[in-house]
Each structure stands twice: as C-alpha cells, then as structure tokens.
Amino acid sequence: MHLSRLIFVGWLAACTPAWASSCAEDIAAVDKALRSQYGEDRKWWQIIACPVVMDGQLRKDAIVNVEQIKEISYFRNIAYMQHARGDDKMCKESMVKPKRMLRVW
C-alpha cells in the first residue's frame, strides 16, 4: 500500500503542467505589472513602499484605471495573506482576477 501511494504521488508530480507557477511568482508578476501602469516620474521610496505607486500618475497607455488598481490591490493583499498562511491554492485563486485584468499570463 505504501509503495503504491508513493508511485501515485510521483505520477501526479510528473503530470503537473510545467507552466504552473507558485503564488509568490503570481504576486511578483502582478506587482511588476501594476508598477508598469504608472509614469516614469516615480521616486524610489514610492516604489519600495507598496506595489501601487502612491501619488503617481497613470500612464496614458495604461490598461487599467484607478478603480481597477484598487480592486487589483485588494485581491493582491488577500492573496499575500493566504500565501503567508501557506494556503497556496487559495492564494492562486485570489490572483486569477488581478492577472486577467493586468493581462499577466
């Protein structure tokens, strides 16, 4: 019984898609995409302070508006808390909408 379980776990790991990412990678990708929505007039402390650049102006070609950024930040913060608790599945589920809105594939 123990050997069959080990074989099943090995098979399951082999069948996991190569494109599957960790939630930490999803959070980092969303943070990077959020920062890219702002103009280049950012100051270093604004970039380090949080993923949403405070008091910055959205770029003219931004794909999201300020309200959408607030929504993305809300889901990102929930995902971060879930990740900190070790709940990677819920974390990834929380990141689905922000990734879609920011077109992070």
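Where does Arg 103 lie relative to helix 6 (96-102)? In this predicted model, Arg 103 belongs to the segment after that helix. Its backbone deserves a glance while you are there: Arg 103 is not a glycine, and yet it has a positive phi of about 60°.

With that spot located, let us step back to the whole chain. There are six helices and zero strands, so if you trace the elements from the N terminus you will read α-α-α-α-α-α. Of the 105 residues in the chain, 28% are buried. The accessible surface comes to about 7600 Å², and carbon and sulfur atoms hold 62% of that area. Contacts across the sequence are well represented too: among those with a separation of 6 or more, 52% join residues 24 or more positions apart.

The crossing of helix 2 past helix 4 is left-handed. On the helix 2 side, the contact is made by Cys 23, Ala 24, Ile 27, Val 30, Asp 31 and Leu 34, while helix 4 contributes Ile 69, Ile 72, Ser 73, Arg 76, Ala 79, Tyr 80 and His 83.

Asp 31 is worth a stop of its own. It sits in helix 2 and takes part in the contact with helix 4. Is Asp 31 buried or exposed? Its relative accessible area is 10%, and because anything under 20% counts as buried, Asp 31 is buried. Arg 76, also part of that helix contact, is 45 residues away from Asp 31 along the chain, with 8.5 Å between the two C-alpha atoms.

Compare this with Glu 25, another residue of helix 2. Glu 25 has a relative accessible area of 47%, which makes it partly exposed. Its C-alpha atom is separated by 9.8 Å from that of Lys 92, a residue 67 positions apart from Glu 25 along the chain.

Now move on to helix 5 (residues 88-94), where you will find Cys 91. With 0% relative accessibility, Cys 91 counts as buried. Which residues does Cys 91 touch, leaving aside those up to four places away in sequence? They are Cys 23, Ile 27, Ala 79, Gln 82 and His 83. Look back at the pairing of helix 2 with helix 4 and you will meet Cys 23, Ile 27, Ala 79 and His 83 there as well. Phe 75 is 16 residues from Cys 91 in sequence, and their C-alpha atoms are 9.3 Å apart in space.

Our last stop is Leu 102 in helix 6. At 5% relative accessibility, Leu 102 is counted as buried. Beyond residues up to four places away in sequence, it touches Val 30, Ala 33, Leu 34, Gln 37, Ile 63, Val 64 and Ile 72. Among these, Val 30, Leu 34 and Ile 72 also belong to the contact between helix 2 and helix 4. Ile 69 is 33 residues from Leu 102 along the chain, and 9.2 Å separates their C-alpha atoms.

Methods
Residues are numbered from 1 along each chain as its sequence is written. This is a predicted model: local features need pLDDT of at least 70, side-chain atom pairs count only at pLDDT 80 or more; totals for chains, interfaces and linings use all residues. Side-chain values use heavy atoms; hydrogens and water are left out. A crossing is left-handed if the near helix is turned anticlockwise from the far one by less than a right angle, and right-handed if clockwise. Helices (H or I, at least four residues) and strands (E, at least two) are DSSP runs, numbered from the N terminus. Contact means heavy atoms within 4.5 Å. Buried means under 20% relative accessible area, exposed over 50%, partly exposed in between (1.4 Å probe, protein chains only). Accessible areas come from the Shrake-Rupley method with a 1.4 Å probe; for residues, only the protein chains shown count as cover.
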